[in-house]
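User: I would like to learn how to read the features of a model like this one. Please take them one at a time, with the general idea before the case.

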Amino acid sequence: MNELNEVRKPPVATTGIIGWLRINLFFNWTNSLITLFVIYCLYQFIPWILDWTIFSADFKYNYLGEQITNQEMCSRNLDPENGGACWAVIYVRFYQFIYGFYPKVEVWRVNLAYVMLAFALLPLLYAKLPYRKYFLYFTYIFPVIAYFLLNGGLGFTEVSTNKWGGLLVTLVLGCTGIALAFPIGIMLALGRRSKLPVISMMCTLFIEFIRGVPLITLLFFGMVMLPLFLPEGIDMDGLVRVLVAVTLFQSAYMAEVIRGGLQAIPPGQYEAAKSLGMSYWRMNLLIILPQAIRISIPPIVNTSIGLFKDTTLVIIVGILDLLGIGRGTLADTNWLGLSYEIYFFVSLVFFIFTFGMSRYSLYLEKKLKTGINMGAD
Amino acid sequence: MKKLLSIFAVVAFAFSAHAGTLDDVKNRGFLKCGVTTGLAGFAAPDDSGEWAGLDADMCRAVAVAVFGDRSKVEFITTTGKSRFPTLASGEVDMLARNTTWTISRDVNLGFEFVGVNFYDGQGFMVPSALGVSSATELDGATVCIQTGTTTELNLADFFRLNGISYEALPIETNDEGKENLFAGRCDVYTTDASGLSSTRAAASNPDKWVVLPEIISKEPLGPLVRHGDHQWGDVVRWSLNAMIIAEELGITSENVDAQTSSNVPEVLRLLGVEGNYGEMLELSNDWAYQIIKQIGNYSESYEANVGPDTPLEIARGLNALWTQGGILYAPPFR
């Protein structure tokens with residue numbers, strides 16, 4: 001009796017660091033082998049990458065202490081034996097990477113737009129923000145402000161979109177595409193499930209047509225064919241045409257994602273809403289969509305990240321986004337051959353944005369507990 | 001049906017009524033010029049965001065001819081695929097985008113090549129360690145080649161003519177070709193000679209690579225405009241010719257002011273001191289003077305962008321004047 005009541009500690013081998021290591025890394029011999037192999041690879045790779053990117057890299061000056069103005073002055077070109085990345089190219093071209101060819105005197109407008117974008121996103125991303133209601137008003141009018149700020153008008157000098165480039169274009173395309181595609185996607189998804197045959201057919205046709213065509217084709221269509229159809233004199237801006245193509249593409253995908261969410265809502269929810277006498281729109285706005293969107297968060301973020309990365313395709317229609325500026329830099333005779341540095345930098349920027357998006361969606365999922373089953377079962 | 005036809009008629013009319021690019025450009029206040037998204041030596045943004053290169057200079061020369069101001073030009077970036085539709089739809093007034101002049105482009109696509117600002121040709125680059133001195137010794141070599149370009153066909157023709165075999169390693173971009181060659185995945189990289197030079201310049205040790213002497217194709221690169229607007233075509237053509245003639249006559253951006261009091265009749269005609277050639281083109285009479293003053297003659301533009309003193313190190317070769325062993329030849333200015 002006494003023996004049974006005695007509190008026994010769990011065996012050492014299953015708790016603490018050793019226990020964790022045993023369970024996760026050295027569970028059996030294949031597991032251990034893979035762990036050792038990965039450790040070996042990391043051991044080989046990490047010191048090298050740290051050395052290349054940081055310790056032996058040039059940031060602004062080379063090892064002789066001169067300020068670097070072209071690739072020949074990079075330490076690794078002066079002395080191939082030592083010297084890592086030559087980040088000076090990013091330093092010198094930073095302006096272009098962030099703003100493209102935006103005139104320097106007007107660049108405060110872009111900076112202001114960047115700051116305002118952060119403020120506009122804040123109430124959307126963080127529900128507990130104090131005075132959130134007032135911030136939201138700002139979010140609604142932000143696109144209008146941003147348009148006049150970036151493009152000109154209302155007393156600002158006009159800056160043609162041809163001069164936009166780099167991160168500015170990437171963000172404009174990504175944000176506008178994602179922001180516009182969401183409401184359009186919801187309408188399309190509801191339309192496709194509508195009982196009115198004309199609406200349902202039109203929505204299905206639109207979605208299937210857009211989804212059946214690669215983004216590149218749509219971009220080409222927007223860039224090349226559209227001006228041929230438009231009458232002479234109506235000059236649609238190149239960036240606007242690309243924006244239209246990107247938004248159409250994204251909304252078709254968004255519609256299917258949201259339709260997936262809608263289909264997961266049990267019929268009991270619809271019936272309950274209807275039995276309360278709710279109209280179609282009230283039912284969808286108050287009962288169905290909040291649940292449907294909640295469970296669709298992972299695929300919504302997924303397609304949004306996809307779109308953000310797809311914006312690099314605009315280079316084929318001659319718009320220089322972040323990657324395009326990188327390629328343009330590589331074509332400058334002063335910076336020939338620094339492709340590792342430039343592609344590393346561009347991927348880092350993209351990674352920061354997409355990783356941020358995916359982390360935020362995880363936070364949202366946890367907060368809204370989307371994993372938990374709901375409904376009338 | 002009738003309605004549809006009338007719509008077509010309106011559209012057709014809109015296209016046919018597209019005349020007077022020069023007036024359009026003048027009214028707009030700046031030139032729209034199509035360039036590449038970045039090609040070393042031809043058109044690429046410099047550190048301050050200004051477009052620089054041989055093609056960029058061509059655009060600027062036309063802007064100077066029309067407005068007398070080298071900054072009155074908007075560069076529209078185009079890719080190999082989008083360049084022709086962009087020009088055809090009127091989105092740019094001209095293309096200076098290292099485009100090869102071929103009969104199908106000139107005739108079938110409805111464009112007009114107004115001249116040649118760079119004579120290029122397909123060549124081969126190999127590691128010097130390979131010990132090859134001629135392309136005919138490349139039997140059995142693995143060749144990196146960009147897919148979907150005329151270079152593919154030229155390569156097949158060349159190897160068949162010489163009765164030797166090769167293995168193609170298809171690549172998509174110049175960068176990819178460079179990486180494959182440097183990593184030794186192919187023995188030979190073939191593309192236009194100017195492209196080979198920029199690839200070589202980008203190598204960490206350019207001396208380890210040699211460009212073989214064989215040039216297996218003709219690639220005359222030049223500016224082009226839409227078919228049917230001869231007045232505008234003339235403006236672009238003579239902007240290019242003015243730069244070439246200036247080199248022939250020894251007029252540079254530095255001595256152009258002194259040359260206005262020259263006693264050579266052609267110099268005086270070119271600089272607008274005599275005659276009314278500017279008027280004929282509906283430009284100001286000092287248009288060529290301004291081009292030379294603000295851009296320079298052909299040689300100055302060449303030396304600054306692709307010449308032996310730049311990292312590209314492209315010798316004048318075919319692009320030298322006809323009097324100096326090349327084939328650069330502009331019709332007389334009279």
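**Reading the model**

Analyst: Asn27(B) counts as exposed because it has 8 C-beta neighbours inside 10 Å; a residue is buried with 20 or more other C-beta atoms within 10 Å of its own, exposed with 12 or fewer, and partly exposed in between, the C-beta atoms being placed from the backbone. This is a predicted model, in which local features need pLDDT of at least 70 and side-chain atom pairs count only at pLDDT 80 or more, while totals for chains, interfaces and linings use all residues. Residues are numbered from 1 along each chain as its sequence is written, and chains are lettered from A and ligands numbered from 1 in the order in which they are written.

User: Which helix holds Asn27(B)?

Analyst: Asn27(B) belongs to helix α2 (residues 21-28) of chain B. Helices (H or I, at least four residues) and strands (E, at least two) are DSSP runs, numbered from the N terminus. Thr78(B) is 51 residues from Asn27(B) along the chain, and their C-alpha atoms are separated by 24 Å.

User: How is the packing of two helices read, and at what angle do α9 and α11 of chain A pack?

Analyst: Two packed helices are described by the angle between their axes and the distance between the axes. Axes are lines fitted to C-alpha atoms, for helices over the stretch in contact, and angles run from 0 to 180 degrees between N-to-C directions. Here α9 (residues 197-211) and α11 (residues 238-264) of chain A pack at about 115°, with axes 9 Å apart. Among the residues making the contact are Phe206(A) and Ile210(A) of α9(A), and Leu248(A) and Phe249(A) of α11(A); two residues are in contact if their C-beta atoms, placed from the backbone, lie within 7 Å. By class, this contact has 8 nonpolar, no polar and 2 charged residues. Ala, Val, Leu, Ile, Met, Phe, Trp, Tyr, Cys and Pro count as nonpolar, Asp, Glu, Lys and Arg as charged, and the others, Gly among them, as polar.

User: Which residues of α14(A) are buried, and what covers them?

Analyst: The buried residues of α14(A) include Ile300(A), Val301(A), Leu307(A) and Phe308(A). Their cover includes α8 (167-192), α11 and α16 (339-368) of chain A.

User: Why is α9(B) described as largely enclosed?

Analyst: Of the 20 residues of α9(B), 16 are buried, so the rest of the structure largely encloses it. Gly250(B) follows α9(B) and has a positive phi, near 75°.

User: What is the phi of Tyr131(A), and where does Glu282(B) lie?

Analyst: Most residues other than glycine have a negative phi, and most peptide bonds are trans. Tyr131(A) has a positive phi near 55° and sits in the loop between α6 (107-125) and α7 (132-151) of chain A. Because it has 8 C-beta neighbours inside 10 Å, Tyr131(A) counts as exposed. Glu282(B), also not a glycine, has a positive phi of about 60°. Its place is the loop between α12 (277-280) and α13 (287-294) of chain B. With 16 C-beta neighbours inside 10 Å, Glu282(B) counts as partly exposed.

User: How many residues does each chain bring to the contact between them?

Analyst: Chain B brings 31 residues and chain A brings 29. On the chain B side, β2 (44-45), β4 (73-78) and α8 (193-202) each supply at least two residues. The most comes from β4(B), with 4 residues.
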